[in-house]
Amino acid sequence: MARIVTLLGLLWVGAAFAIDYTVHINQVSSSGKTIVINKGFNDTINPQDYGVLLVKGRVKNQNTGAAYNVYKPVAKLKAAKVLANSSVWIAFKTFIPESLKEGSELLLLSESALLSGRTDLKIDNRKVVAKKSEIADSLKETLVDDGDFLAKKKDQYQEGRRLHEKEKHYNSDIVLVDLDVWEKDRLEGEYSYEGFYESPHAEVFADRKRVHRFEKMVAMFLKKRNDPKFTMEALLAEQKRNRHNSEFQDRSLRGSAFKRYEKAMALESSREEKMYEDLLSKGESWSDEYSDEELGELLYNVGAVKEKERRQTFAAQHFNYQLYGSFGLNLVNNENLGDRENTQQSKYDVEGAFEWYLFKKIEELNQFSLEFSARRSTDAFTTGEYNATSVEYSGAFHLNWHPFYSPNVLERNIVYLGILFRYGLARHEIGSLGETGNYQVFTFPGFRGGVKYNFSNGFGVRAGAALENIVSDRLVRTSDEGELPDRIDHLEGKLSIGLSRFF
């Protein structure tokens, strides 16, 4: 039964997001007690409805650092007047008064919407009349399930065949019992009964239970939606039906998301318990055999698996920047193959860079980083008939975007894309003619992308690719009539690998 109730609750939480519960506050009285909203009969609101207003906010998970939505109750309401497209409500209990203002967009969970389709409570009234000394026994007899019916005489019959297990069926959900006692009229000498205990009126009691059930469903909504581990995938996993037979759940080789989540939680719990038992088995002096360094390392890694994962993922939040060095090769050949004398055999570069996590505390920008790099590069390109070799010294400014993970997350494959501006100096030379020239070089825009991986110890590795059109403008050259042009550009397509370190 508890499992059925849980699944029904999960289904309701999912349905709560299939319907638009957003309301606009049109007016608020000066006392803040009377509120006019923009929804009415046409939006399943009835004159007897109770309601709860919620406000949506964003908070960060203390364990993972990820932001998620939470819903907070603003006020409890009772409908006073309902029109077709608007309604007036009385706020009889307010939690966040500053959110009750004209023009606010809030979430309204109304009683009619949440309890739609549920049957009304069936309540019976019974009256017990007895002498005052016998009223307790009479009440006990009345509360026995079978009363004076045939089932009480089961010992007088033999069971021929059992078709199913014993079951209980009730005609009503609740039975209210009124207790009256016989009293003798002193004047007339006749007996009449007078009220000893009057149970609440059935309709009043049913109304109270209905409101209580509504408030429990609102509480379930808040509990589920404010859980950072809650996902719609896990919510609906147990309700998805097999397309060939709707009586069975849809299963895959990996099982449902909900089952995988439960298995992961069970495994996590067992690991924690095993580690804790191992420590306790050594007694209170379990740490005596460790040096300070070993103890420090143990305390860093011991504990709950979730703590380890949290540290792996977010320990980098303590760092503000990362330095890395890389080695790259230009895979684009810009040489004239007819000039065998002037050529550059090794078209490589060595680069050092500083990546700055300037936006790590800003949720909307924390997937961006700024980078400054400097490199020495050797290359060669054709000037027409002859090839010119090049040695370049330049710096670049990068803006990087990390679409899947933040740039300083640990133990994850982090994909990044970037755009860059490069400026520097280069010396171009045609060796066979003895001709050299000094040039300024620049690139905009250049494009870069790759994958990097940051280990929990603060080191990391990366592999990347870049595409740049490098433009060279002459500053000084040995011959004005030579083969080296005043301006030349060549394409660079580079693959690189590197090592990094957090600081």
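Select F503 first: with a relative accessible area of 45%, F503 is partly exposed, a class that lies between buried, under 20% relative accessible area, and exposed, over 50%, as judged with a 1.4 Å probe on protein chains only. Because this is a predicted model, local features need pLDDT of at least 70 and side-chain atom pairs count only at pLDDT 80 or more, while totals for chains, interfaces and linings use all residues. Residues are numbered from 1 along each chain as its sequence is written, and side-chain values use heavy atoms, with hydrogens and water left out.

**Aromatic pairs**

Rings of Phe, Tyr and Trp (its six-membered ring) pair if their centres lie within 6.5 Å, and planes under 30 degrees apart count as stacked, over 60 as edge-to-face and the rest as tilted. By this rule there are nine aromatic pairs. One of them joins Y321 and F503, a stacked pair with 6.1 Å centre to centre and 20 degrees between the planes. Since Y321 lies in strand β10 (residues 321-330) and F503 in the segment after β17, the pair ties together parts that are 182 residues apart in sequence; strands here are DSSP runs (E, at least two residues), helices are runs of H or I with at least four, and both are numbered from the N terminus. Extending the selection to F354, F372 and F397 shows one aromatic cluster, formed by these residues together with Y321 and F503.

Next, select F327 and Y348, whose ring centres are 5.9 Å apart with the planes at 25 degrees, so this pair is stacked. F327 belongs to β10 and Y348 to β11 (residues 348-356), so the pair ties together parts 21 residues apart in sequence. F327 is partly exposed at 40% relative accessibility, and Y348 is partly exposed with a relative accessible area of 26%.

**The barrel**

Select β10 through β17: eight strands close into a barrel in the order β10-β11-β12-β13-β14-β15-β16-β17, with antiparallel pairing, where two strands pair if DSSP finds at least two bridges between them. Four residues lie between β15 and β16 in their hairpin, where G458 in the turn has a positive phi of about 100 degrees. Strand β15 also holds P445, and the peptide bond from F444 to P445 is cis, with omega near -10 degrees. Most residues other than glycine have a negative phi, and most peptide bonds are trans.

**R422**

Where does R422 lie? R422 is found in strand β14 (residues 413-430), and at 1% relative accessibility R422 counts as buried. The side chain of R422 makes a polar contact with the side chain of S394 at 3.1 Å, a polar contact being a pair of N or O atoms within 3.5 Å; within protein, one must be able to donate a hydrogen and the other to accept it, and residues adjacent in sequence count only if both atoms are side-chain atoms. Not counting residues up to four places away in sequence, R422 touches (heavy atoms within 4.5 Å) several others, including E351, R375, E392 and E468. From E468, step across to E492, the bridge partner of E468 in β17.
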